[in-house]
Amino acid sequence: MTGTMIWEHNEKHFWLRGERPERMVSFDESLGYWNVYGYPEALRTMTEPATFSNNTARMTPTPPELLAGNLVQMDAPEHLKLRNLVTHAFTQKTVMDLAPRIRGLATELIDAIEDPTRIELVDDLAYPLPVIVICELLGIPAADRDLFRGWVEAMLEKTKAFTLTKPEEELAQDIQEYMERFQPFRDYLHACAEERRRRPREDLLSGLVAAELDGNRLSDNEIVNFVRFLLLAGHITTSLLLGNTVLALDAFPEQARLVRENPDAISGAIEESLRFLSPFASMGRVTTSEVELGGEKIGKDQLLIVWIAAANRDARQFTDPDTFDLTRSPNPHIAFGRGAHFCLGAPLAKLESRIALSVLYKRFPKLRTDPGRPPVVMESPNMTGVGKLPLIA
């Protein structure tokens, strides 16, 4: 069995239907950018930063206040300087020290499920667990997680139909509307930063408020955008990964049996889930010079949408790419990127997922999807995952 139709999905995600692109690199005239679908082509865009810049915002009339401190949009050397301010919090040792707390939280959340025979995975576990963990690291009240969820959903709505072919005035209006959607989030984080200036603590936010780059303190916008990135990336990836792994194991019963018989197999299931249903389906790059990629000549200052999720299904790199195989080895997926921008929180996301799934399957060994309540897929084409996942225990 191959999992080509695990759930209803975004129409852009053709690889989930077992389809292959006609060309690994192609230009979309209607949207004004290049699509990159192949594995070696995607890998090259991640590992040649001199040619493929992360600063995609310069292709749109993006206000400067959105860019300051935005780690995703930075190139070297600024990117590395800012990243180094928090790298210590995401080392393998520091992350492993969080294991008891993560296990305790996962257990508490599962214990709190009102009807253990009918679980809604996202609400009950996949969303609150990583939000609480990243909030505790940052020093932000985890009790406000419902506020974060509303702001995140509002921001993601504007990722549904991005195009560069609109007149600049319309693009500017779209960005303005996007900013208005998450201004409450920015205001909230500004208030948190101000509170840390008055009363610093032992947390990441206090560290950022006190930090200096090139002899200067970070500006309010730098702190807010950096914290916003950490907060969003710190929970969305794990939330999607947990749901995707449960879905994949449900679609491949023999693989689920391996997990039930050997809990250590969960690590392999997580790695294969990252490949099979990559949470962040795409990322952006901009060419800094003319380049040939996938047999196509691409000019300078061209936007590339690199479809990580499609690249992780490239048959040139992965045998039987539409089969979920938790014993797959090697499994060089690029779900967390590669190179200088490799996901800072990858070790934490894997640890959270491994612990949460081990607790979940130990408690509910016969866990399965509810045929009467199908999953609700996230609408953003840039993400792979569900917003709701009803389960029967």
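**Aromatic rings and their setting**

Mentor: Phe14, Trp15, Tyr37 and Trp307 are linked into a cluster by ring pairs. Rings of Phe, Tyr and Trp (its six-membered ring) are paired if their centres lie within 6.5 Å; planes under 30 degrees apart are called stacked, those over 60 edge-to-face, and the rest tilted. By this rule there are 14 aromatic pairs. The model is predicted, so local features need pLDDT of at least 70 and side-chain atom pairs count only at pLDDT 80 or more, whereas totals for chains, interfaces and linings use all residues. Residues are numbered from 1 along each chain as its sequence is written, and side-chain values use heavy atoms, with hydrogens and water left out.

A charge sits over a ring if NZ of Lys or CZ of Arg is within 6 Å of the ring centre and within 35 degrees of the ring normal. Arginine 313 is placed over the face of phenylalanine 276, 4.1 Å from the ring centre. Arginine 275 is placed over the face of phenylalanine 318, at 5.3 Å from the ring centre.

A nonpolar core is a set of buried (under 20% relative accessible area, 1.4 Å probe, protein chains only) Ala, Val, Leu, Ile, Met, Phe, Trp, Tyr and Cys residues joined through side-chain atoms within 4.5 Å. The largest such core has 113 residues, and those with the most contacts inside it include Phe90, Phe148, Phe185 and Leu125. Helix H11 (residues 220-251) contributes the most to this core, with 16 residues; helices here are DSSP runs of H or I of at least four residues, and strands are runs of E of at least two, numbered from the N terminus. A second, separate core of 17 residues includes Tyr39, along with Val25, Met283 and Val291. In soluble globular proteins, nonpolar side chains tend to be buried together.

Leaving aside neighbours within four places in sequence, leucine 125 is in contact (heavy atoms within 4.5 Å) with Ala106, Leu109, Ile110, Pro130, Ala356 and Leu360.

Lysine 366 lies in the loop between helix H15 (346-363) and strand S11. Lysine 366 counts as exposed because its relative accessibility is 64%, the cut-off for exposed being over 50% and partly exposed lying between that and buried. Beyond residues up to four places away in sequence, lysine 366 touches Arg260, Ile392 and Ala393.
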